[in-house]
Amino acid sequence: MSVETILQLVISSTLVYSAPLIFTALGGTFSERAGIVNVGLEGTMIMGAFAGVVFNLSFADQFGHATPWLGLVAGAVIGLIFSLIHAIATVTLRADHIVSGTVMNLMAPALGVYIIKLMYGKGQTSMISQNFGYWNVPGLSKIPFIGPILFTKTSSTAWVAIFIAFVAYWLLYKTRFGLRLRSVGENPQAADTLGLKVYTLRYAGVLISGVLGGIGGALFAQSIAGNFSASTIVGQGYMSMAAMIFGRWNPIGAMGAALFFGFSQSMAIVGAQLPVINQIPAVYLQVAPYVLTILILVIFFAKSKAPAADGINYIKSV
Amino acid sequence: MNKINSYSTGLVAALAVFFGLLVGAIIMLVSGFNPVTGYISLIQSALGSSLNIGEVLRAMTPLVLTAAGFLVAQSAGFFNIGLSGQVWVGWIASTWFVLANQGMNPWILIPVAVIIGALGGAIMGFIPGWLRAQFGASEVITTIMLNYIALYGGNAIVQGLPNKMMATTDMTKTLDASDSLRWDFLSNLTGGSRLNIGFLIALIALLAIWFVMKRTTLGFEIRAVGLNPNAARYAGMSAKRNAITAMTISGLLAGLAGATEGLGTYLNIFSQSAAPQVGYDGMAVALLASGSFLGIIFAGFLFSVLSVGGLGMPLATGVPTELVSVVTASIIFFIGANYLIRLILVKLDEDDSKDKGKQKKHKTTKADQKEAK
Amino acid sequence: MADEPIVLEMHNIVKQFGDFRANDEINLQVRRGQIHALLGENGAGKSTLMNQLSGLLQPTSGDILINGQKITVDSPAKAAELGIGMVHQHFMLMDAFTVTENIILGSEPVNGMKLDIKKASQDIKKLSEKYRLDVNPDALAGDISVGMQQRVEILKTLYRGADILIFDEPTAVLTPQEIDELMVIMRHLALEGKSIILITHKLDEIKAVADQVTVIRRGKSIDSFPVAGVSSQELADIMVGRSVSLYATEKSAARPKETVISLDHVTVKDSRGLTAVKDLSLDIRAGEVVGLAGIDGNGQSELISAMTGLMPTVSGKIMLNGKNIANKKPRQITEAGVSHIPEDRQRYGLELDMTLAENIALQTYYKRPLSKHGVLDYEEINKHARDLITKFDVRTVNELVPASSLSGGNQQKAIIARELDRNADFIIAAQPTRGLDVGAIEYIHQQLIYQRNANKAVLLVSFELDEILNVADRIAVISHGEITGIVNANETTKNELGLLMAGMSLDDARAQLAGE
C-alpha cells in the first residue's frame, strides 16, 4: 500500500466516523451552554438512527439518492420531539438532568425496537438500500496529492458537519441569540433580572441538541450501521458528550475532539487493512476510543470549565 | 408553597408507577393492543405459577444488589452508571474461577468464587471513584466508558478461555449444580425455578449495607460527603477517601450481583452484545426506591414482575417485550419529574379541602417527619 | 427637595407567602433627585418590597404609581421599560462574559443578526463618562475588582434608561474609601435627576448620603422622615423597635495571658495558585479577642483555611500551644484545640439535609459516647444535641428536624454550640453575624466575649468595622494578604482602619490623618 492510499483510507474513514459525532457534540454544546446537562444524547442518537432507517426503508424507491439526506431530516424531527422529554423534565419539571438523560437512554432503544417489531415483525431492520456513499469534492479533488487524500472518495456529510460547527460558533458567540443562550447557562437568575426568558432559552438549547443529535444518529445509521437494532448506537452519544467536554463546550473545540474520536473509532474498522496496526489484537482497537475518552477526561476535565450554571435547575420565584 | 414537598416519597413513588403503567397502556392502545389483556398476560406470566414466582424472585436477586450498590454511590453524591460493567466483570471472574478449579471442595470453591466476583466488581467501582477523587473526572462518563471497556474486554476474555472450558466459541460449559449457588430446596419450593442461594445473599447484603450506611461512622461520613462535601471536609472527613470507598462498595455489590448471575442463574458465561441489562435495571430500581433500602425490596419486586412478565407478553398477546422497558423508563421519568406528581397532589388536596373544609391539614407532614427520622 | 415631583409611590403594599405576610401595607414615596433610604433589620421585608418594584415578585394587594400613573410591574423587562433599575446586593453578573456583554445583555444593539459590539462600546463609554463610572469594557466580569463590578451593575441600569435606581445593601463588600466613592456617585446620579432608593441597615450611610428615610419593621412601614437632624441612636431605636445599645457590648478590659496561637511568616496560595497570604505573622493570646479587619478577598479566607487545615501552608509555621499545626489534617487541628465558626455557615458549617442532632455531632461523632467501635449510638447523639440546644438556646421544634428548617440565627447558634462545647483553646469566628438580626448579633458577640473571659484566644474575622470595633481588643488589618497594621481597638478610628485596609502602612496612615 502506498502512503497516499493509506492516508486516503485513514482520512476518509476518520471523516465518515467523525461526522455523526460532530453533529451530536455540537448538539450537546447548545444544550449545556444553556445550562442543561444532556446525558441523553445517546438516546437522541438512537431515535435519530431509528427515524433515519425507517424513513430510508420506506421511501428509498421514491426519493432515490436524495433518500439519506431526507433521512437526516427525519432524524432531526424525531430527535427534536424526543428531546422535548428532556426539556420538559429538566426545565419545567425540575428533574435532575442526569436522571432525565438516563430515562432517554433507557427509553430510546426500547421504543425503537418496539416499533420496529410492530412494523417489520423482527427486532432488527433489513439493510437500507440508499447509503451515504463516497463523494469527490468538485474542483478540490483535482489538487495534486492533497486532492486525492482529502477530497477524493470522502464523506460529504463530514464537510457539512464541519461547516455547521463554524456556523454554530458564529451563532453562539456573535449573535444576540447566542449571547442570551449562554447567559442562561452562566447565571440564569441574572438573565431573569434582565428580562430574558430563561425557560424559553433553555428549551431552545435542548431542542437544538435534539435536532443535531437526531441528525447525528440518522447519519450514523445511514453511513455506517446500515440498519437499526438495539445495538446500532453503542456509546457514540456518550462519546459525543466527551468530545464536547474535551472541546471545552466550544463548537470548534467539540468538532476537533469529535474528529479525534472518529479517528480512533475508525481504527477498529480499517485497522485490519493497515500495516503495523493490523498486528494489534482487535479488542484493543475496539476499546481504544473508550479508554481514550477516559484518559482525555482525566487530563482535561479538571482544567476545562463548564458553563457556571450547567446542570443547575432554575426555579423562578412566585 | 412548602406544601409541595410535604408528600411522602412512598406515595409519590406509587403514583410514578401508576403513571408509568398508564404510559404503557396508552402505547399499547395506540399500537392496536388491548392494554387490559396485555397487563393481565404480564401478571399471569410473572405470578401465575409457583415456577413463575420463583423466577421473579430469581430476577430480583441481581436487581436488589445493583440497586443497593447504586444507592451507596448515590449517598456519596455519585451517579454510578457503571453497574452493568461491574456486574459483567463479577460474573466472568466468579464463574471463571469455578471453571478453572473443578474438583475443589464446593464448600470452599463457591464462597471463594463469590468473593472473587465481588472483588472484580469492586475494582471496577474503585477505578471511577479514584479517577473522580484524584482528577475530578466525571463518574457519569467514566463509568459509561468502563461499561464498554468491560463489555468488549470481557467478551475477548471469554472467547480466549482455554478450549476445555468452552462449549462453543462464545460460550463456556455449564457448571454442575453442585458447583453453583443452586439449592434444590429453593428450586423445588418454586416448581423447579432457577431461584437460588443468591437470593438469600442479596437480602443479607441489603440488610448489612443498610446497617453500614445508617448506623456506622463510615456510613455517616459517606452520607455527609455526599450531601455537602465542603462541610464534610470542614468536619475533618476525607471527601476523597469516602468517595473512593463508596464507589468501591457500590462496585462490590454489583460484582456480587454478577456472581449470582453466573453461579446461580445461568451457570455459565456467554459473550454479550451489550453490557448486562440488570445494571441499568438496578439503577431504575434504586431511583424508584428514592433512597430507601426498604424501598429497594418493593421496587425490585415490581421491576422483576415487569421483566419476567414482559417475556410472556409476546406469546400471549403479541405485545413486544420492549414495552416493559418503555414502562420502566416512564416510571423513572415520573420519579425524576416528581415535581409534576407533587403539583397534582397539591391540586387534588386543594379541591378536596374546598369540598370538606380544612380538616386533615397536617396529616401528610407528620408522615414525612417520621420518614426524616 | 420637597418641591420636586413624586416619581414613585407604593401604596398599601401587601405581599403574602403562604401564611407569612412579608409586607403588610407598606407605603413609600420617592421624589425626583432624592436619595431615599429604606431602613430595616435583616428580614424586615425591604428586599421583598423592592423585588415587587423590580418585577421579580407581584404584590398580593396594593398599588404602585410611577409619575402618578398606576402601573403593574409583572416582569423585570417591564420594570426596565418603566425606568426602574436594581443594583443587586449579590451582583448579577456573568463572570465568563465581558463587561460590555454584561451591560448590554437583554437590550443588545444588533446589526442584522450580529451583535453590534462597536456601538455598544461607544454607548457605554458615553454613559461611564457622564456618570463618572470608570469601567474596563473588554475585561471579563469575573476578573475585575468588586468596586468595578458594582459600577458595571450601575451601568446596566443606566444603559436601560433607568430613572429610579434601587441599591440593595451596596456597601457590604466595599472599603470605607470605596464607600465614600460610591456616595459621591450616588449624589452625582441624584443631581442628574435620578431617584435613588438605598436599602440598608447601616445608620452612618444614611446619615452620610440620604435625604429621606423610611423605616420598615416586621413587614410594616413605621415612619418616614427627613434625615437631617436625626441621630444614629434615634434611627437604631426606631429600626429595632426598642432601645438598643449601639456600639457597646458590655465587656471589661482584656487581661491577656500566654500566647496560644502564633502565626510565623505564613504564606498561603489560593485555589488558582496565586499567593493570597504573604509572609504573615500574628500572635493571639489567651484572654483576648483579636479582630482581623479587611475587605473581602484580601486573604482572610485562605488564612483561615490554612489555620484549619483546609488549605496547605506554603511556608511558615502555625504554632498552637507550642506545636506546629501547619499542614496538618483538619481533624488533627480540631483535636489539637481549634474551634472554627466558618464564614459560610450553610456551605461549610452545616449538613443542611441531615438532622440538627447529626449536625451538632458533626465534629465528635466518631468519639465515645456518640459512637463505639465505628457504630453510632443515636440515643447518645440525640441526647447530646438536646443538652446543647437547651444550653445555647437554639430555637427548634426538636433535635430531629433537618438543619435546613432552622432560621439563619438558630443555624448559627447550633454551629456555635457545637464549636464552643468542645472547649478548644483557640476559636476562629469568621463573619459570625452575617445576615443575622440584632438580637442574634448581640447574643453571638456576648458568647465571644464570654470565651475571652474564660481565657480562650479568639480570632474574629469580619468585614464589618463596627463589629470588630465593638468586640475585639486588638485589631489586625489585612490587605493583599499582608498585615498592614495592628492597633488597639480603643485607640483607633474607622478612618485609620480604612486606610490600613486600603493597603497603607500604619505610619503613613497616621501621618495622613494628622495632616488633614
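Which residue in S9(C) does Met86(C) stand opposite? I'll come to that in point 2; here are my notes, bearing in mind that this is a predicted model.

1. Start with the sheet that holds S6(C). Chain C has an open sheet of six strands here, running S6-S9-S10-S3-S11-S12 with mixed pairing. Strand S6 (84–87) and strand S12 (220–226) of chain C sit at the edges with a single partner strand each, so one side of each is left without a neighbour in the sheet. From one strand to the next, the twist averages 20°.

2. Now for the opening question. S6(C) pairs with strand S9 (residues 164–168) of chain C in the parallel sense, over four bridges. Within that pairing, Met86(C) has Ile166(C) of S9(C) opposite. Helix H1 (residues 46–53) of chain C packs on this sheet and touches strand S3 (35–39), S6, S9, strand S10 (195–200) and strand S11 (212–217) of chain C. The direction of H1(C) makes about 150° with that of S10(C).

3. Chain C has another sheet to look at. This one is also an open sheet of six strands with mixed pairing, in the order S18-S21-S22-S15-S23-S24. Its edges are strand S18 (338–341) and strand S24 (482–488) of chain C; each has a single partner strand, so one side of each is left without a neighbour in the sheet. Direction ignored, neighbouring strands are turned by 20° against each other on average.

4. Inside that sheet, strand S15 (residues 288–293) and strand S22 (residues 457–462) of chain C pair in the parallel sense over six bridges. Gly291(C) stands opposite Leu460(C) in S22(C). H10(C) packs on the sheet, where it touches S18 and strand S21 (426–430) of chain C, and its direction makes about 110° with that of S18(C).

5. On to the interface of chain C and chain B. Chain C puts 26 residues into the contact and chain B puts in 21 residues. About 2,200 Å² is buried between them, with carbon and sulfur atoms giving 58% of that area. The rule finds one salt bridge across this interface, and Glu358(C) forms a salt bridge with Arg223(B), with 3.5 Å between the closest N and O atoms. There are also 13 residue pairs in polar contact between chain C and chain B, counting pairs with both residues at pLDDT 80 or more.

6. Who supplies the chain C side of it? Helix H10 (330–337), helix H11 (345–349), strand S20 (375–376) and helix H14 (408–420) of chain C each bring at least two residues to the side that touches chain B. The largest share, four residues, comes from H11(C). By class, that side of chain C has 13 nonpolar, six polar and seven charged residues.

7. Last, chain B against chain A. Here 39 residues of chain B are in contact with 39 residues of chain A. The two chains bury about 3,600 Å² between them, 84% of it on carbon and sulfur atoms. The count is one salt bridge; Lys117(A) forms a salt bridge with Glu322(B), the closest N and O atoms lying 2.9 Å apart. Polar contacts come to four residue pairs, both residues at pLDDT 80 or more.

8. On the side of chain B that touches chain A, the elements giving two or more residues include helix H1 (9–30), helix H5 (106–135) and helix H6 (139–159) of chain B. H6(B) gives the most, with 11 residues. That side of chain B has 30 nonpolar, eight polar and one charged residues.

Note on methods
Residues are numbered from 1 along each chain as its sequence is written. Chains are lettered from A and ligands numbered from 1 in the order in which they are written. This is a predicted model: local features need pLDDT of at least 70, side-chain atom pairs count only at pLDDT 80 or more; totals for chains, interfaces and linings use all residues. Side-chain values use heavy atoms; hydrogens and water are left out. Two strands pair if DSSP finds at least two bridges between them. Axes are lines fitted to C-alpha atoms, for helices over the stretch in contact, and angles run from 0 to 180 degrees between N-to-C directions. Contact means heavy atoms within 4.5 Å. Buried area is the accessible area (1.4 Å probe) that two parts lose on being put together, summed over both. A salt bridge is a side-chain nitrogen of Lys or Arg within 4 Å of a carboxyl oxygen of Asp or Glu. A polar contact is a pair of N or O atoms within 3.5 Å; within protein, one must be able to donate a hydrogen and the other to accept it, and residues adjacent in sequence count only if both atoms are side-chain atoms. Ala, Val, Leu, Ile, Met, Phe, Trp, Tyr, Cys and Pro count as nonpolar, Asp, Glu, Lys and Arg as charged, and the others, Gly among them, as polar.
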